[in-house]
Amino acid sequence: DLHSLPTDLLPLTEIFGRALLETGTDKEDFVKLSQRIGKNTGGIHSSAITATTLNTRQSVAKFVLRGKATVPQAPELLNILKDVLLHANLDNRERLKQIVLEEKADMESALVPSGHGFVNQRLRAMYTESGWAQDQMSGIGYLIALRELAADIDKRWKSVLKRLKAIRETLINR
């Protein structure tokens, strides 16, 4: 439940999801983890979902890891999910910087062809909590946070690492 996250950490949700799957674990580097995922599953993806309920107008915000596997491969899928959730190597500074720069470039290249969508999302952010959260995780608010994060990785790495670990401790608590 993303409601448990402090609002300043919400823009890092997408980066956190990618970091879980793309930085390796304490036992495997990124390449070996990717090969293990490819060999044993139909893929694992992270996403953040937000919505506003019609009747109560309350917002719902969830962080989700989705994976596909055949029945015989299901135990290995669960083992992989356990490894990435509990043992992801969030301290991989170079890989994390690469992920942030890729996200930033994707967002900036989407601004012109999809500008109307970004404007719509930014306007919705003023009216509902879920609209605001969506903007922070995938809109202009996210792009601003990515630009700051790219600079922070170079200048204030310990602060960045502390925020990522805080997300893991807050979201993965059972």
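## Accessibility and the position of A51

A residue counts as buried under 20% relative accessible area, as exposed over 50% and as partly exposed in between, with a 1.4 Å probe and protein chains only. A51 has a relative accessible area of 38% and is therefore partly exposed. The model is predicted, so that local features need pLDDT of at least 70 and side-chain atom pairs count only at pLDDT 80 or more, while totals for chains, interfaces and linings use all residues. Residues are numbered from 1 along each chain as its sequence is written, and side-chain values use heavy atoms, with hydrogens and water left out.

A51 lies in strand β1 (residues 43-52), where strands (E, at least two residues) and helices (H or I, at least four) are DSSP runs numbered from the N terminus. Leaving aside neighbours within four places in sequence, A51 is in contact with Q58, S59, V60 and S130, contact meaning heavy atoms within 4.5 Å.

## The aromatic pair

A search of the whole structure finds one aromatic pair. The rings of F16 and F63 have centres 5.7 Å apart and planes at 55°, so the pair is tilted; rings of Phe, Tyr and Trp (its six-membered ring) pair if their centres lie within 6.5 Å, with planes under 30 degrees apart counting as stacked, over 60 as edge-to-face and the rest as tilted. F16 belongs to helix α1 (residues 13-22) and F63 to strand β2 (residues 59-68), 47 residues apart, and both F16 and F63 are buried.
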